[in-house]
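Welcome to a short tour of this protein.

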Amino acid sequence: MEVAPARKAAYDVLRRVAEEGAYADRALRTASAGLDDRDRALARQLAFGSVQRMRTLDHAIETLGKRPVRKLDPPVLAALRLGAYQLGYLGGVPRYAAVNESVELVRRANLERAVPFANAVLRRVSEGIAALLADLQEGPLKHSYPDWIWDVWRRDLGEDEALALMRAQNESPETVVRLVRGEIEGEPTDIPGAWRVDRVDEEALAEGRIWPQSRGSQLAALCVGSQEGERVLDLCAAPGGKATMLAGDVVAVEVNEARARELEENVRTLGATHVRVVHADGLELPPELTAFDRALVDAPCSGLGVLAARPDLRWRSAPLPELQLDLLRSAADRTRSGGTIVYSVCTVNADEAEAVVDASGLEIEPIDGWAQFRHRSRPEFLQTLPHVQGTSGFFIARLRV
């Protein structure tokens with residue numbers, strides 16, 4: 001039996017995520033190489049949706065299939081998740097195709113002995129998943145999030161908004177690029193230079209004319225406000241979207257060697273000759289990197305504001321407030337007196353945002369303008385929320401040394 005190319009690619013992604021700890025977006029690039037645009041889009045929908053909905057799908061498999069998922073061989077579980085996702089969430093997919101091709105994937109994984117089991121489970125799922133999903137109570141099981149994320153969002157936003165945020169980040173995010181030079185087909189947005197497009201033009205990307213970057217991310221870089229003639233530090237710079245937006249003499253620091261090489265390549269592609277890449281630990285900078293006029297600390301974080309674009313992140317995410325505070329203090333040590341630091345994180349979690357800024361002891365400088373992104377309880381800060389502004393979730397603060 002033939003298996004559709006998109007299903008085969010999605011299955012490869014699910015297996016790599018579960019068995020190798022791969023990132024779904026990177027695994028998809030490999031698995032979908034050679035597919036046409038239509039099959040690539042379907043592979044993305046199947047793979048990302050199955051990874052996003054993993055908790056709910058596993059609940060359905062266990063409840064209807066009557067077998068704990070922890071006891072299943074990983075290739076079998078990946079096929080069951082892929083089939084269950086199609087049966088539960090994609091109304092236009094014929095049931096026989098979702099069941100039969102998922103079973104065939106088990107056979108092709110050299111697990112012939114598991115074929116009858118997979119077939120039986122998926123047929124029971126086919127008959128019962130619609131009712132099971134409809135009966136789930138609103139919350140993290142229904143929308144497929146870890147309990148701790150639900151607890152954080154309910155604490156910070158209230159239950160109704162937490163539910164709205166969970167729903168929003170189970171949908172595909174808007175596709176936005178930064179126009180570096182030239183012209184573009186798309187729709188201008190409320191962020192200067194940010195364009196909403198139907199798809200990323202790969203040729204324009206390769207030529208450095210555009211850069212995929214959410215409105216929230218571009219906003220963080222704009223808030224730095226650097227000027228020609230200033231010395232500017234970007235402490236956590238890879239992959240370089242924000243660093244290449246900054247004016248002045250920019251030093252872009254990256255601790256990971258591979259990501260530092262990627263950062264250098266992106267700087268060259270985008271023609272940002274004013275940006276110098278330094279491979280170093282942001283907590284142990286070379287002594288000559290000091291007396292900067294401005295700094296950007298776009299700190300590593302739990303990433304709870306970008307879960308729509310990174311479906312596997314919700315299952316591996318963890319808050320990093322201690323590291324974030326150490327990086328902010330490191331930037332303060334290398335910024336001249338009177339200079340400013342923009343602290344940003346792509347998360348929706350007060351423990352990594354407001355609490356880190358408050359613990360730093362630095363003077364908060366309110367950010368002028370951008371009224372549509374004003375933090376609702378702390379108006380000196382900016383905050384973008386996926387369910388409100390339709391972009392990735394960012395917290396942005398400006399601090400004076």
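In what sense do β9 and strand β12 pair, and over how many bridges? The two strands pair in the antiparallel sense, over six bridges. Please keep in mind that this is a predicted model.

**Strand β9 and its partners**

- Strand β9 covers residues 335-345, and eight of its eleven residues are buried, so the rest of the structure largely encloses this strand.
- Strand β8 (residues 292-298) pairs with β9 in the parallel sense, over six bridges.
- To find this pairing on screen, look for Ala-295, whose bridge partner in β9 is Ile-341.
- Strand β12 (residues 394-400) pairs with β9 in the antiparallel sense, and here Val-342 has Arg-398 of β12 as its bridge partner.

- Strand β1 (residues 176-179) and strand β3 (residues 194-196) are joined in the antiparallel sense by three bridges, and Val-176 has Arg-196 of β3 as its bridge partner.

- Helix α3 (residues 37-52) packs against helix α5 (residues 74-89) at an angle of about 100°, and their axes are 9 Å apart.
- That angle makes α3 roughly perpendicular to α5.
- On the α3 side, the contact is made by Gln-45, Leu-46, Gly-49 and Ser-50, while α5 brings Arg-81, Leu-82, Tyr-85 and Gln-86.
- By type, the residues of this contact are three nonpolar, four polar and one charged.

**Cysteines**

- If you are wondering about disulfides, a search of the whole structure finds zero.
- Cys-236 is in no disulfide, and the nearest cysteine sulfur, that of Cys-301, lies 10 Å away.
- Cys-236 counts as buried because its relative accessibility is 14%.
- For Cys-301, the closest cysteine sulfur is in Cys-346, at 3.6 Å, which is too far for a bond.
- Cys-301 is buried as well, with a relative accessible area of 16%.

Technical notes
Residues are numbered from 1 along each chain as its sequence is written. This is a predicted model: local features need pLDDT of at least 70, side-chain atom pairs count only at pLDDT 80 or more; totals for chains, interfaces and linings use all residues. Side-chain values use heavy atoms; hydrogens and water are left out. Axes are lines fitted to C-alpha atoms, for helices over the stretch in contact, and angles run from 0 to 180 degrees between N-to-C directions. Helices (H or I, at least four residues) and strands (E, at least two) are DSSP runs, numbered from the N terminus. Angles under 35 degrees count as roughly parallel, over 145 as roughly antiparallel, 65 to 115 as roughly perpendicular and the rest as oblique. Contact means heavy atoms within 4.5 Å. Ala, Val, Leu, Ile, Met, Phe, Trp, Tyr, Cys and Pro count as nonpolar, Asp, Glu, Lys and Arg as charged, and the others, Gly among them, as polar. Buried means under 20% relative accessible area, exposed over 50%, partly exposed in between (1.4 Å probe, protein chains only). Two strands pair if DSSP finds at least two bridges between them. A disulfide is a pair of cysteine sulfur atoms within 2.5 Å.
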